[in-house]
Amino acid sequence: MSRVLVGVKRVIDYAVKIRVKPDQSGVVTDGVKHSMNPFCEIAVEEAVKLKEKKFIKEVVAVSCGPSQVTETIRTALAMGCDRGIHVEVSGKDYEAMGPLQISKIFAALAKKEEASLVILGKQAIDDDCNQTGQMTAALLDWPQGTFASEVTIDGETVKVVREIDGGLETIKISMPAVLTADLRLNTPRYATLPNIMKAKKKKIANMKPADLGVDMVSRVEVLRVDEPPTRLAGVKVETVDDLVAKLKANGTI
Amino acid sequence: GPHFISFLASPSALTGSALFFHYTWRRNCSSAVMPRITSHYTIFPRDKDPRWEGVEMERFADEADVVIVGGGPAGLSAAIRLKQLAKEQEKELRVCLVEKASQIGAHTLSGACLEPSALNELFPDWKERGAPLNTPVTEDLFSILTEKYRIPVPMLPGLPMNNHGNYIVRLGHFVHWLGEQAEELGVEIYPGYAAAEVLFHEDGSVKGIATNDVGIAKDGSPKDVFERGMELHAKVTLFGEGCHGHLAKQLYRQFNLRENCEPQTYAIGLKELWVIDEKKWRPGRVEHSVGWPLNRNTYGGSFLYHLNEGEPLVALGFVVGLDYTNPYLSPFREFQRWKHHPFVAKTLEGGDRIAYGARALNEGGYQCLPKVTFPGGMLIGCSPGFMNVPKIKGTHTAMKSGMLAAEAIFPKVTAEDPASETAGLHIPEYEDNLKKSWIWKELYAVRNIRPSFHNYFGLYGGMVYTGVFYWILRGKEPWTLKHAGLDSAQLKPAKECTPIEYPKPDGKLSFDLLSSVALSGTNHEGDQPPHLTLKDDSIPVANNLAIYDGPEQRFCPAGVYEYVPLETGEGMRLQINAQNCVHCKTCDIKDPSQNINWVVPEGSGGPAYNGL
């Protein structure tokens, strides 16, 4: 009965040097190394841990995007998820896809799958939005435990320790709920080869946003993408007086 | 430190004189403690390590008909050919391929001018299938460079460098396409899993491979996420690790495969991709040069190819023979300063560098071919080394060797009774097929060109030899010249050599090492034992630094090796920045102490090349 939905996003690998497309409409993604968003890995690990501790029965991994995202779902299955859902989005819809559309998809799926928990990464490393978890909770009118660094299930409630600016905050929320994973929640396990082979036999269902009653129209239009400004060279000065003079000259003091 | 432990374990530790030596060694060292560098289990076995007591070491195992190590042109061509034969003859065949890169093509680096001969045999309909051969060669230029000028050399038909009929390709994309064809045919491809160990039957034949363990900490101890790799067993295992493979190194020793050939000699190739000013773009143009900035006794040269794939992209790079003698030479900095030559700079000015990478390549050719079959396995591609050096092409021969291997294997693995003496199949027919094929004829014809550079006139002597004996006689001369021996033995002590004054990078045409490494996209899990293992941690300072001024600081194209001052006391220590490694294998080849043993790190680590 107790089912968890986990969102996994396929993003450009964090170690790759990003290049802006010549037409400045976005970044180059063709042939570039992609991997699962690190915070999504932590979300998957937490869901699988909860299943191993027998708090939940089934973990469903969900990803939205073109055919390549099935590799990301496969990795989640190899880490221990039971089945996957691939929501097909491609072309212009995929380029314009953002937290609002994703949260609508997740809200619809959470209802359809009768999930008790939706666990997401706190943010994706490509857009850094940090909105999908919060929007999903709002659409479902469910409580949210975001920036989770510790999750404990106790009957029908969840105790969440959250990482906040001032330190740590502990809250208790009732299920069903949305959780978003922060860095220190856990250390994700490796997707080992025997598990990748087993994962090939696990099911991945295909569907389109329209099947869930979600329209992918974006309210955001990207006008232009630029490289960050090149860092100016530093200047070395000989004495403190020189430093003061330079700071005065450029108006800093 | 570990040196102490391993010394005491040796029989000589029992004698009084040995203890005395050890005591004086400790006295002569500075009072500072040398931090331990190597922690890998290939140097410090886990069965003797108390931290590994009680850890479950059993591995999950699976069976295939054929296992292939390496998803490059050779490995993929072998896999494809096997599945094509299976389809033709309606037989079932399980073919598994493991590749250490996170995706097929991510560790592939080459010039490259592809000769489509092998591809035409493998897929006569490659064009319909969408193979990314988009740039036929239209212009072919060869130059001898001096510091300021360029001497054009006519590219006569029949010279090995002539590229008529060939295509400029981004080999990483071509390999990725081969991977897609292989998957369509039903090959099981597992990128992100490195073959870390060769497995043997009781009779000594190869049983298969085991993939890398994961979750070992930097100090060699097990982490919570530790998991053993997996065993893949096969009737025959193909090793296509590319130039200087680490498992191949082990197999040479195990089966004595190199007893009748010369030691392999190598070069390092560094490459960049640039988006240039459209006005300077000449799609299909191939440029090669020799001469400046190398002196006449250092083998090497450059390439610059104009691709035709939509945007004004050029692939350029520099190759330096690893038999160079001056330990102050830095192949990376030679590459960077070559770009300032007026003939090169004029193409690159106003352009943007978008990619960087490096890889060792074979130079030995015919004289260095080992035995390629052994019980349970065979070597394919650049691993044994079928590169045609004067043509600077190895992809077509690598592919052909994979195809020949598949054709020799297929009848044996699908036979009802393989009638084999050993549990792992020994298929010497592969070697016979190679000797009858065009690979052998080609390599034989050019066998004397590279060694002909070992004369007083160096480069010029070599070019004269090529002109006379190759162009006129096509390699029919009855003698076979020898190479100079191991590359690692060629360095002269630093005190006999002059340091080279390299210009500072200008940030527009030439760049510093670390920003270049960043462009390779290379990364590794930080908390793992360095995969650049040292047999003896004390040798770098005692030998490499003391005699050769630490040449690894200069020949590594990724800044892995740094000699830094000790934190306390006097003296230096070697720091290994394993995360920067781009898997080029140059250090394993060129280390004058032959103390560095490159082993495979956790799978999916390494560069993230995109169409290089």
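Helices (at least four residues) and strands (at least two) are taken here as DSSP runs, numbered from the N terminus. In this predicted model, P293(B) lies in the loop that separates strand β17 (285-291) from strand β18 (300-306) of chain B. The peptide bond between W292(B) and P293(B) is cis, with omega at about 5°. A cis peptide bond is also found in chain A, where M175(A) is joined to P176(A) with omega at about 0°. P176(A) belongs to the loop between β9 (167-174) and β10 (177-181) of chain A. A further backbone feature concerns H583(B), whose phi is near 60°, a positive value in a residue other than glycine. The loop that holds H583(B) runs between strand β25 (572-576) and helix α16 (586-590) of chain B.

The interface of the two chains was examined next. Chain B contributes 29 residues to the contact and chain A contributes 22 residues. Together the chains bury about 2100 Å², of which 60% is on carbon and sulfur atoms. On the side of chain B, the residues that lose the most area to chain A are Y190(B), Y193(B) and V225(B), which together account for 24% of what that side buries. Polar contact across the interface involves 7 residue pairs, both members being at pLDDT 80 or more. Three elements of chain B, namely β12 (214-216), β13 (222-227) and α13 (513-519), each give two or more residues to the side that touches chain A. Among these elements, β13(B) gives the most, with 3 residues. By residue class, the side of chain B that touches chain A comprises 13 nonpolar, 9 polar and 7 charged residues.

Charged side chains also meet across this interface. The rule finds 1 salt bridge between chain B and chain A. In this salt bridge the side chain of E311(B) meets that of R19(A), with an N to O distance of 3.3 Å. Side chains of opposite charge can pair when their charged atoms come close. Over all chains, the count of salt bridges comes to 45. Within chain A, one such pair is formed by E58(A) and R3(A), whose side chains meet at 2.5 Å, N to O. This pair links distant parts of the chain, since E58(A) is in strand β4 (residues 58-65) of chain A and R3(A) is in strand β1 (residues 3-7) of chain A, 55 residues apart.

V214(B) has E227(B), in β13(B), as its bridge partner. The hairpin formed by β12(B) and β13(B) has 5 residues between the strands, and G220(B) in this hairpin takes a positive phi near 90°.

Elsewhere in chain B, an open sheet of 3 strands has the order β4-β8-β5, with antiparallel pairing. Its edge strands are β4 (113-114) and β5 (135-136) of chain B, each of which pairs on one side only. Strand β5(B) is joined by 2 bridges to β8 (residues 167-168) of chain B, and these two strands run antiparallel. The bridge partner of T135(B) in β8(B) is I168(B).

UniProt, in an unreviewed entry, lists residues 24-216 of chain A as "domain: Electron transfer flavoprotein alpha/beta-subunit N-terminal".

Key:
Residues numbered from 1 in each chain as written. Chains lettered and ligands numbered in written order. Predicted model: local features only at pLDDT ≥ 70, side-chain atom pairs only at ≥ 80, totals over all residues. Heavy atoms only, no water. Contact = heavy atoms within 4.5 Å. Buried area = accessible area lost by both parts, 1.4 Å probe. Salt bridge = Lys/Arg side-chain N within 4 Å of Asp/Glu carboxyl O. Polar contact = N/O pair within 3.5 Å; in protein donor to acceptor, adjacent residues only side chain to side chain. Nonpolar A, V, L, I, M, F, W, Y, C, P; charged D, E, K, R; others polar. UniProt positions renumbered as here; feature names shortened; annotations may be inferred. Pairing = 2+ DSSP bridges.
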